[in-house]
Amino acid sequence: GGRSGGRWIDGKHVPAPRNEKAEIAIFGVPEDPNFQSSGINFDNYDDIPVDASGKDVPEPITEFTSPPLDGLLLENIKLARFTKPTPVQKYSVPIVANGRDLMACAQTGSGKTGGFLFPVLSESFKTGPSPQPESQGSFYQRKAYPTAVIMAPTRELATQIFDEAKKFTYRSWVKACVVYGGSPIGNQLREIERGCDLLVATPGRLNDLLERGKISLANVKYLVLDEADRMLDMGFEPQIRHIVEDCDMTPVGERQTLMFSATFPADIQHLARDFLSDYIFLSVGRVGS
Ligand code: AMP
């Protein structure tokens with residue numbers, strides 16, 4: 001991990017100590033009167049219709065508590081001033097903790113980013129990284145073996161997810177990186193070489209890094225596709241299928257896959273059929289609409 005990162009040592013999570021400067025940079029200044037929370041009135045959650053279907057849907061959580069959430073994650077959720085889970089978060093935490101796959105129809109504003117980050121990070125903090133293959137090559141050929149890969153359609157969305165990931169990975173062993181096209185690859189490569197446990201990526205740039213041999217997907221436990229319908233609208237299906245089906249990605253059934261999409265047309269249904277196993281289908285409204 002980086003300066004504010006922890007370590008996984010001898011099967012134990014050793015979080016980094018708190019660091020005031022890092023907290024201000026990552027979370028903002030708590031006393032700042034200009035501090036703006038999301039501005040979304042999350043008290044109206046309970047009015048939002050949620051529909052969960054599939055075999056043995058786990059009981060949703062109602063509060064952020066540890067257990068079931070990892071203790072460090074809970075501290076970070078408090079630093080981010082999230083007081084209670086949104087509907088998608090209530091369901092996604094036990095779904096992932098129970099080893100299940102998830103197809104969620106949820107829009108921006110539903111809290112979907114926390115919906116995949118919270119369960120993935122909570123489980124990652126508890127179980128640690130997968131052992132890396134022995135032959136790592138020389139420093140300059142070093143490959144990253146991320147535990148979690150999140151694909152998103154645009155640089156803007158990938159950056160937003162990365163900024164949220166910085167909050168919730170604070171002090172942990174999980175080092176987050178972001179890669180996207182239209183920007184020099186050199187800086188992104190240097191960041192990845194310093195360690196990459198959770199990778200947020202646009203499909204084109206991820207493909208590029210896979211072709212260059214800089215990333216292996218063999219240790220992926222969690223695959224997330226965010227705004228899947230938008231990625232297909234943008235023509236990314238061939239790249240996405242190449243990444244998931246033709247490289248060294250952990251196969252369906254051995255990884256957990258979470259797919260988020262605002263809509264559920266035929267091409268998304270096909271992707272869900274091919275990428276997910278015995279999934280739970282969740283449909284949630286948007287806070288404030
Ligand atoms: P998203 O739908 O993931 O784009 O989230 C929409 C906004 O809601 C973002 O600004 C999040 O930081 C915020 N948010 C997400 N979950 C919560 C929560 N449980 N409590 C308070 N704010 C949240």
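**Helix H3 and its surroundings**

The buried residues of helix H3 pack against strand S3 (50-53), strand S4 (102-105), helix H4, strand S8 (222-225), strand S9 (256-261) and strand S10 (280-284). Here, buried means under 20% relative accessible area, exposed over 50%, and partly exposed in between, with a 1.4 Å probe and protein chains only. Packing rests on contact, that is, heavy atoms within 4.5 Å. Helices (H or I, at least four residues) and strands (E, at least two) are DSSP runs, numbered from the N terminus.

Colleagues, this is a predicted model, in which local features need pLDDT of at least 70, side-chain atom pairs count only at pLDDT 80 or more, and totals for chains, interfaces and linings use all residues. Residues are numbered from 1 along each chain as its sequence is written, and side-chain values use heavy atoms, with hydrogens and water left out.

I begin with H3 itself. Of its 11 residues, 10 are buried, so H3 is largely enclosed by the rest of the structure. Among the buried ones are Pro87, Tyr91, Pro94 and Ile95. Just after H3, Gly99 adopts a positive phi of about 80 degrees.

I turn next to the neighbouring helix. The axes of H3 (residues 87-97) and H4 (residues 112-127) come within 8 Å and cross at roughly 30 degrees. That makes H3 roughly parallel to H4, a term for angles under 35 degrees, whereas those over 145 count as roughly antiparallel, 65 to 115 as roughly perpendicular and the rest as oblique. Axes are lines fitted to C-alpha atoms, for helices over the stretch in contact, and angles run from 0 to 180 degrees between N-to-C directions. On the H3 side, the contact is made by Val88, Gln89, Ser92, Val93, Val96 and Ala97, and on the H4 side by Lys112, Gly114, Gly115, Phe118, Pro119 and Glu123.

Let us now consider strand S4, another partner of H3. Both of its faces are covered: Leu102 and Ala104 are buried on one side, Met103 and Cys105 on the other. S4 and S9 run parallel, joined by 4 bridges, and S4 also pairs with S10 in the parallel sense over 4 bridges. Two strands pair if DSSP finds at least two bridges between them. Which residues stand opposite Ala104? In S9 the residue is Phe260, and in S10 it is Leu282.

At 51% relative accessibility, Gly11 counts as exposed.
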